[in-house]
Amino acid sequence: MDDKYLKQTFISIITKGSKSNTYKFALAKFLLDYSNAITKQSIDDHIKNNQSILVDYDLIANSFLTYFWHQECKYRIKQNYQDSKPPSVIKIIRNVFGTDYIPEPFKNMPKSKINQAQKKIKQRVFGKESQKTSQVIPRFQNIREGNSSIRRQVFYDYDDDASQIELKPESVKFFSENYVFLTKLVLFEWSKFLEKVNTIPRLIAKVESYEIKRGPLSKYVKIFKDFESCFYCNGSLDKAKTHVDHFIPWSYIFEDESWNLVLSCEKCNLKKSDSLADTKYLKYLIERNHTYQTKIEDLRKSLLKINTQKGWQNEIAHHYNNCQEYGFSKVLLS
Ligand SMILES: [Zn+2]
């Protein structure tokens with residue numbers, strides 16, 4: 001098995017074949033992440049001794065939970081056309097974590113819930129029970145050849161009784177050495193699949209960064225220095241406790257843009273978190289942007305970016321409504 005063959009096979013799996021759900025992308029990402037974490041020395045030793053690298057289904061289930069938890073609970077990315085028939089992993093996540101938007105990060109979820117979800121995912125997606133639902137482990141290596149598909153255990157063998165895959169060390173070496181390129185490919189194809197059923201902004205970035213990385217917002221306190229009271233409650237702003245709030249939640253909009261940023265007091269910002277404010281505030285935001293676009297250069301530039309033929313007002317209202325349709329909740333602010 002040379003690198004060229006491994007590359008062709010992997011690309012074929014990711015770009016062709018069945019795409020009834022996104023499990024194969026998640027499994028591919030797991031294989032890459034796992035291989036990338038193994039030292040070169042260890043890989044070489046396994047190759048020398050012709051020894052497989054054993055990976056328990058538990059570990060794969062844990063990664064599936066992390067990938068899909070963010071897509072479901074943080075970014076509300078739809079996984080298929082029929083929202084009433086989501087894949088098992090999404091059903092499990094909804095059962096355990098509820099269907100409301102979760103503002104807290106994954107690491108703050110109760111251990112008991114995480115364990116419960118991991119256990120169920122292992123059973124229903126990878127275990128014996130999965131024979132009825134998903135068969136992502138065996139099916140992943142069904143390779144399209146002409147009009148038929150042939151199962152070839154190129155990257156791993158598997159043992160359902162022992163609940164583990166047996167990774168071939170040459171494929172681990174290949175995954176590790178081509179990690180960046182192959183990961184980009186997987187995320188691109190994964191996003192391309194999700195794009196067909198989603199109308200949310202910055203989809204690729206959301207699929208890519210399941211860990212939230214947010215830049216500092218302090219410069220916006222200066223940009224909006226003319227504002228002396230909280231956008232929501234109108235209370236006067238305490239300089240030390242002025243917060244910069246994303247009017248349309250960051251988890252939906254996924255960028256820091258002046259048109260969507262307001263100054264608020266600590267209390268309102270914490271209460272609002274990653275939720276939506278009442279519709280009356282949408283009107284206030286549009287008014288604010290309208291009034292200040294000529295006075296604040298950064299705001300003017302920011303509005304220009306979303307100024308479509310129908311106008312930026314329409315674009316903001318569209319984001320607000322779409323965000324609500326995606327299940328972001330509304331909170332009452334004074
Ligand atoms: Zn306030």
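## Two domains

Into which domains is the protein divided? In this predicted model, domain 1 covers residues 3–208 and domain 2 covers residues 219–331.

Where the two domains meet, 12 residues of domain 1 are in contact with 13 residues of domain 2. On the side of domain 1 that touches domain 2, 6 residues are nonpolar, 5 are charged and 1 is polar.

## Overall build

Taken along the principal axes, the box filled by the C-alpha atoms is roughly 70 × 40 × 40 Å. The protein has 334 residues, and 32% of them are buried. Its secondary structure comes to 16 helices and 9 strands.

Contacts across the sequence are worth a look too. Of those between residues at least 6 apart in sequence, 71% join residues at least 24 apart.

## Strand 5 and its partners

Let's turn to strand 5, residues 164–167, which pairs in the antiparallel sense with strand 1, residues 53–56, over 4 bridges. Strand 5 also pairs with strand 4, residues 156–159, again antiparallel and over 4 bridges.

Strand 4 and strand 5 form a hairpin with 4 residues between the strands. In that hairpin, Ser163 takes a positive phi near 50 degrees.

Notes:
Residues numbered from 1 in each chain as written. Predicted model: local features only at pLDDT ≥ 70, side-chain atom pairs only at ≥ 80, totals over all residues. Domains from an automatic or database assignment. Contact = placed C-beta atoms within 7 Å. Nonpolar A, V, L, I, M, F, W, Y, C, P; charged D, E, K, R; others polar. Pairing = 2+ DSSP bridges. Helix = DSSP H or I, 4+ residues; strand = E, 2+ residues; numbered from the N terminus. Buried ≥ 20, exposed ≤ 12 C-beta atoms within 10 Å, placed from the backbone.
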